[in-house]
Amino acid sequence: MRGHPVPADSYSAAGSLEVEGTSYRIFRVGAVEGSARLPFSLKILLENLLRNEDGRLVTAAQIEALAGWDPAAEPSTEIAFTPARVLLQDFTGVPCLVDLAAMREAMAALGGDPARVNPLRPAELIIDHSVIADFFGRPDALERNIELEYRRNRERYAFLRWGQQAFAGLRVVPPGTGICHQANLEHLARVVFTEDRTAFCDTLVGTDSHTPMINGLGVLGWGVGGIEAEAAMLGQPLSLLIPKVMGVRLSGALPDGSTATDLVLTIAELLRSVGVVGTFVEFFGPGVAAVPVANRATIGNMSPEYGCTCAIFPVDEATLAYLRLTGRPEAQVTLVEAYAREQGLWHDPGHTPAYSQVLDLDLSTVTPSIAGPKRPQDRIPLAEALQAFRAALHGYARGDTLPVGLDASGAESFPASDPVAVTGNRDGDQPAAPVPATGLPARPRNPVRVTLDGGQEAELDHGAVVIAAITSCTNTSNPEVMIGAALLAKKAAERGLAPRPWVKTSLAPGSRVVMDYYHRAGLTRYLDKLGFSLVGYGCTTCIGNSGPLIPAVSAAVTEANLAVCSVLSGNRNFEGRIHPETTLNYLASPPLVVAYALAGTMDTDLTADPLGTGADGQPVYLRDIWPPVAEIGEVIASCLRPEMFTREYAQVFTGDQRWRSLPVHRVIALTGLQNTLSPPSAS
């Protein structure tokens, strides 16, 4: 890593901070007049400018402009933001490594030392976008899917393995480990960075649009394109217009029965209705303390679905509690608290910073919801899901319009999940109008008989749920909804319920820790019994890696032109993203994913209709098996331990034998460039 140059320090902000006998150099935000009124996120940017001021790329004029920020003004002033680190995923990260390798070749051609070409800022690449849920509902699904993943990606993975060894400052998390944003949240994020005895705000950019998930931990970061990421890796600042900052004042607490997923879908609806494209969003007020970090991360994750650059929470006691839960060293936790308090970054629920606009959200008003059939902002209260589905089905029958504005940009990012390219709010970004309760024509029907594996007969129709996936770091990073799903599965299995035979079920958490606490709680067997067996540690269904449908189901859908559905705990659901054969796609909490798998159709009212018939011949309703918050909390308290995180992440960059045995495609010697191509695998 490159050492910090001596800053110009025009504001005499340099000072020291003593933390448990260690002295750190810091650049005090409070040295700049007017900084106290700034939002949390702009204070982080101000610290970044103070620390990197060089009179050329970062100037005193930029610091003055940020300190004098006008919340009502349209963004017009550029500043130079220097991220502390860079986060990469394997789809969008490979080009960055290819360019670095090309730079080494050029260096060698010029007679220089190619080994001198390295990232100047820490870069972490997580391989998570390539695993596909080909196998499901069987004990060996994980192993079979990983085997296929390596077979399909062997050459690319060998190149990444070479990069892991060749570049100082680059760390690679091998396949079968987790999702980049969940690994960032649970392990990689520092909150407060330290280099050369200088302490400063942990900031980052990432080559994935959902990088703002880390905002839930009080870390400022967002998604960028590959060129910007490469520039950041090479220590160059990124040009940034000082943004508008929208404040969301939280009050109250989530009621029993409502989940973090319901909350994030409510926020998506709220922010899309206002229009926040290009802004920073941050949360403040008395309700912040009632939102644990796992919920905050779910909210930050969906920033691209809101249209904002980031959606950040300040540092507070919940931040420290999460750092301890995930096994961060106590010395780091102590530093985070001391630094945040010293810099005015510690949340004061009674203080309202200057904001461009303030929105209010009472958490107690959040109700169980889903969103769809193709846009995350189209939230549907669960009690209205049946009528909304039937209205949507009529729309698909007569032909629907193409996505526009922010939704079109999101669709264009498929499948790489790179940041969207949109510069302003559009009319089409608004949430859909509520569906009328009456006046809809008769529901279209086209029942088709299918014969499934083993000779089982079933009837499919429009609205059949053919994919039910617990997937995506959006929700799998959240123990409350994950334990909730497992408890619902347990209660369903004990009552004799099972998913409908046409539903492809899958479980793909973003961290191995999830399976650790499932095993410890004794819940894995119930998920397995309902077909939610582990298929991989990666993005899978959320980015369209859902694998083929059940063959007989796929044939029936195609031949009868059925409008069938997926239900997933993901973050995007535009048509064609989840699977080419699922016309309608709904975002839902993990417990509701299990519930819809049991029902087998969207043409049902889960609040009133039975999920199925129990072993005793009696109807079983969702309310009968929905786990209360207290029960979920008891299981979490009894099974989730910091040592789970420290154990799983202790060798996170090592990989299994498959990874360690990959042939290294290219070897760059310290004295020059030598290319060696390994022979193709016999497999």
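Mentor: Start with Arg121, which is buried at a relative accessible area of 6%. Bear in mind that this is a predicted model.

Trainee: Which side chain does Arg121 meet in a salt bridge?

Mentor: The general idea is that side chains of opposite charge can pair when their charged atoms come close. Here, Arg121 and Glu195 form a salt bridge with an N to O distance of 2.8 Å. Glu195 sits in strand β7 and Arg121 in the loop between α3 and β5, so the pair ties together parts that are 74 residues apart in sequence. Glu195 counts as buried too, at 11% relative accessibility.

Trainee: How many salt bridges does the structure hold?

Mentor: There are 30. One of them links Lys491 and Glu631 at 3.2 Å, N to O. Lys491 is in helix α15 and Glu631 in helix α21, so this bridge connects parts 140 residues apart in sequence. Lys491 is partly exposed at 22%, and Glu631 is partly exposed at 24%. Then there's a network: salt bridges with shared partners join Arg85, Glu124, Arg171, Arg190 and Asp202.

Trainee: What about Asp208: where is it found?

Mentor: Asp208 is in the loop between β9 and β10. Asp208 is buried but has no salt bridge. The cut-off is 4 Å, and the nearest side chain of opposite charge, Arg572, is 7.2 Å away.

Trainee: Which side chain does Asp208 join in a polar contact?

Mentor: That's Gln89, with the contact at 3.0 Å.

Technical notes. Residues are numbered from 1 along each chain as its sequence is written. This is a predicted model: local features need pLDDT of at least 70, side-chain atom pairs count only at pLDDT 80 or more; totals for chains, interfaces and linings use all residues. Side-chain values use heavy atoms; hydrogens and water are left out. Helices (H or I, at least four residues) and strands (E, at least two) are DSSP runs, numbered from the N terminus. Buried means under 20% relative accessible area, exposed over 50%, partly exposed in between (1.4 Å probe, protein chains only). Lys and Arg count as positive and Asp and Glu as negative; His and the chain ends are not counted. A polar contact is a pair of N or O atoms within 3.5 Å; within protein, one must be able to donate a hydrogen and the other to accept it, and residues adjacent in sequence count only if both atoms are side-chain atoms.
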